[in-house]
Amino acid sequence: CLDDDIPEEEGLWCSKGAHFTCNLCLETHVATQAAEDPGKLQGRKGRVLCPLAPQGCEAAPFSHTDLARRVPEEVFARYMRGHELAVEARVVAEVHQAIAAQPPPPGGGGA
């Protein structure tokens with residue numbers, strides 16, 4: 001995107017300051033990551049990473065605020081729903097682990 005002479009206010013740098021993504025490319029990137037399968041979403045905690053993360057960029061995920069300011073409302077809403085699903089899945093997994101770790105009730109717990 002930087003090769004296209006796009007002003008910085010029309011895009012977003014990753015948190016490392018190494019990679020710039022214009023708003024149009026960012027919109028596509030956010031929409032694509034929001035539509036990924038739940039396992040991938042949960043693996044990134046529902047967050048959107050730098051487009052160059054697969055090539056090794058270790059920047060922190062983009063903030064909700066930065067994304068909300070730069071992508072259309074419907075794309076941001078899909079992103080937030082994916083984020084919420086990832087958080088819900090993590091909470092459910094934690095609850096299941098906590099229940100499984102509980103000792104059995106005295107007397108065997110039979111009904």
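Modeller: Val91 lies in helix H4, where helices (H or I, at least four residues) and strands (E, at least two) are DSSP runs numbered from the N terminus. The model is predicted, so that local features need pLDDT of at least 70 and side-chain atom pairs count only at pLDDT 80 or more, while totals for chains, interfaces and linings use all residues. Residues are numbered from 1 along each chain as its sequence is written, and side-chain values use heavy atoms, with hydrogens and water left out.

Val91 counts as partly exposed because its relative accessibility is 38%; buried means under 20% relative accessible area, exposed over 50%, and partly exposed in between (1.4 Å probe, protein chains only). Together with Val95 and Ile99, Val91 forms a nonpolar patch on the surface, with about 250 Å² of accessible area in total. Such areas come from the Shrake-Rupley method with a 1.4 Å probe, and for residues only the protein chains shown count as cover. Patches are made of residues with over 30% relative accessible area and no salt bridge; nonpolar side chains (Val, Leu, Ile, Met, Phe, Trp, Tyr) are joined within 5 Å, and like charges within 9 Å. A salt bridge is a side-chain nitrogen of Lys or Arg within 4 Å of a carboxyl oxygen of Asp or Glu.

Ala89 also has its place in helix H4, and its relative accessibility of 29% makes Ala89 partly exposed. Between Ala89 and Gly39 there are 50 residues in sequence, but 9.3 Å in space, C-alpha to C-alpha.

His83 belongs to helix H4, which covers residues 73–101. With a relative accessible area of 14%, His83 is buried. Leaving aside residues up to four places away in sequence, His83 touches Lys45, Gly46, Arg47 and His64; contact means heavy atoms within 4.5 Å.

The structure holds two aromatic pairs. Phe76 and Tyr79 form a tilted one, 5.6 Å centre to centre with 45° between the planes. Rings of Phe, Tyr and Trp (its six-membered ring) pair if their centres lie within 6.5 Å; planes under 30 degrees apart count as stacked, over 60 as edge-to-face and the rest as tilted. Both Phe76 and Tyr79 lie in helix H4, three residues apart, about one turn of the helix, and both are buried.
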